[in-house]
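These notebook entries record what I looked up, one topic at a time. I began with the strands, then turned to domains, chain contacts and confidence.

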Amino acid sequence: MSPSDFLIIPFDDWVNFLVRDWLVPNFRPFFRAMQVPISVVLNGLDDFLAFVPMVVTTLVFALLAFKYAGRGMAIFTLVGFAFIDMIGLWPETMTTLSMILTSVLFCTIIGVPVGILAARNDLTWKIARPVLDIMQTIPSFVYLVPIVMLFGVGMAPGIIATIIFALPPIIRLTNLGIRNVRTDLIEASTAFGSTPMQMLFELQLPLAMRTILAGLNQTLMLALSMVVITALIGAGGLGLTVNTGLGRLDVGGATAGGVGIVILAIVLDRITQGLGEQKRLETTSLRQTLVSLFKPGAPAPAQAGKAA
Amino acid sequence: MTSKISVKNVFKIFGEKPGRALEMLKSGQSKNDIFEATGQTIGVQNAAFDVKEGQIFVVMGLSGSGKSTLVRMLNGLIRPTSGEILIDGDDVASCSPAKLREIRRQKIAMVFQHFALFPHRTIAENAAYGLKVKGVSSDERREQALIALEQVGLSSWADSLPADLSGGMQQRVGLARALATDPQVLLMDEPFGALDPLIRKEMQEELLVLQRTLKKTIVFITHDLNEALMLGDRIAIMKDGEIVQVGSAQDIVSQPANDYVAAFVADIDRGRVFTAATVATDALPMQLTGDTAGDAVKAMEEQNRSAVYVLDGEDIAGVVTYQQAAAADRESGTADVPLADVLITDFPTADRDTQLADLYAPASSGLPIAMTDADNRLIGVIEPEAVFAQLSADPATPDAEPQAEAVAEERELAPTP
């Protein structure tokens, strides 16, 4: 005795009908058009990163790491990128990097305004919240199929899947950052006759910037975690290397791709975390950096430097 | 002097459905009953007062009395449920957001209890905020901000961040930020409440000095009665959202409207509230050339005084005591003794606004104190006994604790000052 004795709901048929027989025939051109800006940005970045010599790219990242995460991180960047190049994965790494940067760029373009809107309007937040929960909890394999049906295969659909997965933190943290601006400051700003826009740009965004950058960091990390999954629908780069290794039971190849992803992740994470810290630290030793990388829960080197 | 701010029948009820609560309130039900019946909280009820141009109007009350709500309604940070708030004739309670913004930019500035400085902006940028919002060019607003900072003595800190400053200095920046836009009305919400006592005292004095030149219309919120009495030209005392008494410091201390106010003023330093003028009596002076010691003795006996002042024409020549005049008169027998022989030329003086606290030392000489005007003319005398009588005057029952019911009942009966 169970409810299914009385009624069988053909849920999968409904979804099939909705996607295959309604969305795809009617809206396919619309979805195809949607990926145009993504493709443009992605191809531009990809071409640019492929054109710039490896040494130059590495130096730029090392300088950024030096500025925002300290000396140790700069050395790590130099060594890590050289290692990637020496194991022959530099072009794949740059492809992955351009995909990540494109995803994060679009996440920011969409996420920050939505977060601002959600912070200013409780109704928007009430609607946005469950949507974000769904975006974060639904397994990404579930939406890979409709994405392929609507957008086709390739890099751009991969980026769309990445955006769906990586968008929530930046919306959440933008919302949080703006809502957490002290009420007496809001009151003061209002009392002097600020318009809502003046308040946003003079007060709320600057004070929420740390939190928004933390959201950006989270979004970036989530985007990186999608690299392998999007390779399943035709996105290239390090994800493809890992997938190929998996398919051929080539442990070495898969590991090489994995190491590349990890090195890239560490460098990008520390640089964006340093952006959020907003203060320069001149000296963080390589040892401290490495210790902090492998110690769970240890503060980022940017924080640990002064305390140590 | 015209009314700058005019508050008429203002109510503020917090909650979703203020309508019913407002009706209940108007039919005379208490704050607690209304909260139980409707879940609505009464913020301010039936507030009405006028603030004249250039005046410091102090609203005093304990926490939860609605004073912060009241001041926030004056610049529309909180919109009243009903009533009118006129600033130069414009109703802040009902005007459009754009008009309200205009009033905030041009006329009203506010100083906050916890300073509310923008932590990511330098001191000069903080002080210039109101000007920036108004759209003043960056050079001009820096110049104005520096002038405002100069007024509060902080121009050398212009490029520091708020976190580098102490509490007292931060509040000076708060004041400079408010002054930089040259507003006509200054709202100060417990501005010195978060400062330690010495700094608070210093800031109060500075505010009074600044006010002498600026002549702003100030609405000042405080929970400290001494602060209210020191600063306020007029004082409103609030309790449970109601204004229970409005008047000058002396009105409130000498004629408290009810037990609640009386209990408040019971502990204050009366010597700092009352001035010489409140205890002075007519001088009834003698003339140095016309009158004799005998005349003086007679006059003092008639008026039951122990000493009398003697004028030389219009100027004060000195003072004659009953003891000395009577003794001289007795010794001389029938001959007239000129007043000059018994005159004491070293006499205490005070002016109209001298606080009683500053009369203790002069009063201890035992001689009456001469109250003089700006031209040093005698306009009255102050008997030492009168000083102490005013200090000890006890207008209300000393053991009366403020109780809600008693206060509500007595409000109707209370004498209006």
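**Entry 1: strand pairing.** I first noted the rule for pairing: two strands pair if DSSP finds at least two bridges between them. The model I examined is predicted.

I then asked which residue of S12(B) stands opposite B:Gln287. I found B:Leu311 there. On looking up B:Leu311 again, I saw that it also stands opposite B:Ile316 in S13(B).

**Entry 2: the hairpin.** Is the pairing of S12(B) with strand S13 (residues 315–321) of chain B parallel or antiparallel? I recorded it as antiparallel, over six bridges. S12(B) and S13(B) form a hairpin, and two residues lie between them. In the turn I noted B:Gly313, which has a positive phi of about 70°.

**Entry 3: the domains of chain B.** I found chain B divided into domain 1, covering 51–272, and domain 2, covering 277–392. Taken over C-alpha atoms, the centres of these two domains of chain B are 45 Å apart. I next looked up their contacts: five residues of domain 1 of chain B are in contact with six residues of domain 2 of chain B. On the domain 1 side, I recorded two polar and three charged residues, and no nonpolar ones.

**Entry 4: where the chains touch.** How many residues of chain A are in contact with chain B? I noted 14 of them, in contact with 15 residues of chain B. Helix H8 (183–191) and helix H9 (196–225) of chain A each supply at least two residues to this side of chain A. H8(A) gives the most, with six residues. By class, I listed seven nonpolar, five polar and two charged residues on the side of chain A that touches chain B.

**Entry 5: confidence in chain A.** I recorded a mean pLDDT of 87 for chain A, with 90% of its residues at 70 or more. Residues 279–283 of chain A stay under 50, and the model has eight contacts for them beyond four places in sequence. Residues 298–308 of chain A are also below 50, and this stretch has 31 contacts in the model beyond near neighbours in sequence.

Technical notes: Residues numbered from 1 in each chain as written. Chains lettered and ligands numbered in written order. Predicted model: local features only at pLDDT ≥ 70, side-chain atom pairs only at ≥ 80, totals over all residues. Contact = placed C-beta atoms within 7 Å. Helix = DSSP H or I, 4+ residues; strand = E, 2+ residues; numbered from the N terminus. Nonpolar A, V, L, I, M, F, W, Y, C, P; charged D, E, K, R; others polar. pLDDT = per-residue confidence, 0-100. Domains from an automatic or database assignment.
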